Amino acid sequence: MPLDSDTFDLLRSSVRRYVTERLIPLEPEVAESNEIPAAVINEFRELGLFGLSISEEFGGLGLNMEEEAQLVFELGQASPAFRSIAGTNIGIGSQAIVFAGTQEQRETYLPRLASGEIIGSFALTEPEAGSDALSLKTSACLDGDHYVLNGTKRFITNAPYAGLFTVMARTGQGNGADSISCFLVEAPAPGLVLGKPDKKMGQSGALTCDVIFENCRVPKSALLGGVEGNGFRTAMKVLDKGRLHIAALCVGIAQRLIRESVLYAQDRKQFGRPISDFQLVQAMIADSQTEMWAAKCMVLEAARKRDRGENTTLEAACTKLFASEMVGRVADRAVQIFGGAGYMAEYPVERFYRDVRLFRIYEGTSQIQQLVIARETVKSIAS
Ligand code: COS
């Protein structure tokens, strides 16, 4: 049930003000410390940012996809590490429970995820199963009233803080989707071991690490939906939504980078004039603005289709592909407009340039999006 438009506008302007006045000034500190301050996490809780997409019944704000995207356009204006801390609870760390959990699983976990009491984390990727997610090897074997999990998950966002993992593991024979199930694993737990936080190119403050299961016993009630064999399809559904969320984030960051570029170009003088007077600089701003707007329209159109209850596998892949490639080009032009200063760590465009590189890789590489787009297009024409 969407919020009434006045309440939503109020929420959006609070988030916009919070991003401008609180988060953006904290960016250098977060980049340096590789940590989101505990006070910010508490403020996110107070603003309801952990529960944007979780229904009011379970303590969230119950936003639809279009509203979620509108808020992510705002949150995206600050360093992506801030969005990341709540991003898993809003998306890939909670949605499997929303789509396929039992009523008891929903009642147990969704209120705690919506309030930010626990951080959710999505464990699909493995050392040998990245793009080819179907080949995952982590196993879950039934032993009396428990499943025993063994295997390694890699690059798992928010794992160092997580209180709940959504884990895809193989319960059956063969390599098909039918043999993959999904488990809700609470942390800490005996046999659940976290690796050291990964050293990354960017996104300082957004932590990832390995998650290793060594004879980790979870009760039978941890099986999502109480049924085996549903894990892979559920993961794909989760990613359909997650990809739209990431595309909205790319739009937010592009907006920030365009603003930074324009302000710098108006301030920086060469040949006796602000460089914003020069048409070659204007062309870069125009290209970035055009592409950002195209991505924004795609996000909103796909979100509305999703909100009508229609399948958006195709649209989510198209939008994630376009928006993540777009923000890469926008960041590149921002560095170009800043010139030598854009290469210096003291300016935010240098940091964003590194941060946005991830968007073409995680939640499905650009090449996986192309594969999904081609398949869905062929399917729609053939049917
Ligand atoms: N929604 C629901 N079900 C889906 C689905 C979707 N979006 N996409 C695939 N499925 C189903 C298929 O219908 C199929 O079910 P059936 O066996 O009943 O036909 C099953 O899942 C297997 O799908 P498919 O045959 O398409 O598997 P492939 O291995 O050929 O391809 C891709 C799957 C490549 C699309 C998938 O592995 C993928 O998205 N990889 C990228 C993973 C990723 O994004 N990782 C990021 C980590 S999370 S940060």
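The points below go from the whole chain to single residues.

1. Basis of the note. This is a predicted model, in which local features need pLDDT of at least 70 and side-chain atom pairs count only at pLDDT 80 or more, while totals for chains, interfaces and linings use all residues. Residues are numbered from 1 along each chain as its sequence is written, and side-chain values use heavy atoms, with hydrogens and water left out.

2. Overall fold. The protein chain contains eleven helices and nine strands; these are DSSP runs numbered from the N terminus, with helices (H or I) of at least four residues and strands (E) of at least two. Its radius of gyration is 21 Å, close to the 21 Å that the globule rule gives for 383 residues, so the chain is as compact as a globular protein of that length. The radius is taken over C-alpha atoms, and the rule is 2.2 Å times the number of residues to the power 0.38. The C-alpha trace spans about 80 × 55 × 45 Å along its principal axes.

3. Of the 383 residues, 52% count as buried, where buried means under 20% relative accessible area, exposed over 50% and partly exposed in between (1.4 Å probe, protein chains only). Among contacts with a separation of 6 or more, residues 24 or more positions apart account for 74%; a contact means heavy atoms within 4.5 Å.

4. Surface and charge. The chain exposes about 17,000 Å², of which carbon and sulfur atoms supply 53%; the area comes from the Shrake-Rupley method with a 1.4 Å probe. There are 40 positive and 47 negative side chains, and the centres of the two sets lie 4 Å apart. Lys and Arg count as positive and Asp and Glu as negative, with His and the chain ends not counted; each charge is placed at NZ of Lys, CZ of Arg, CG of Asp or CD of Glu.

5. Nonpolar core. The largest nonpolar core has 32 residues, and those with the most contacts inside it are Ile 253, Leu 257, Met 326, Val 327 and Phe 359. At least two residues of this core come from each of helix H3 (65-75), helix H7 (231-267), helix H8 (279-307), helix H9 (313-338) and helix H10 (348-355). H7 gives the most, with eleven residues. Such a core is a set of buried Ala, Val, Leu, Ile, Met, Phe, Trp, Tyr and Cys residues joined through side-chain atoms within 4.5 Å. In soluble globular proteins, nonpolar side chains tend to be buried together.

6. Helix H4. In H4 (residues 80-90), eleven of the eleven residues are buried. Among them are Arg 83, Ser 84, Thr 88 and Asn 89, as well as Phe 82 and Ile 85.

7. Buried residues in other helices. Leu 23, in helix H1 (residues 5-33), is buried at 0% relative accessibility. Leaving out residues up to four places away in sequence, Leu 23 touches Tyr 18, Val 40, Phe 44, Leu 75, Ala 78 and Phe 82. Thr 234, in H7, is buried at 4% and is in contact with Ala 96, Ala 100 and Leu 224, leaving aside neighbours within four places in sequence. The C-alpha atoms of Thr 234 and Cys 182 are 8.0 Å apart, although the two residues are 52 apart in sequence.

8. Backbone geometry to inspect. Most residues other than glycine have a negative phi, and most peptide bonds are trans. Phe 155 has a positive phi, near 55°; this residue is in strand S3 (residues 146-157) and is exposed at 57%. Asn 215 also has a positive phi, near 50°; its place is in strand S7 (residues 208-219), and it is exposed at 53%. A cis peptide bond, with omega about 0°, joins Ala 187 and Pro 188. Pro 188 is in the loop between strand S5 (180-186) and strand S6 (192-194).

9. An exposed loop residue. Glu 57 sits in the loop between helix H2 (38-47) and H3, and counts as exposed at 60% relative accessibility.
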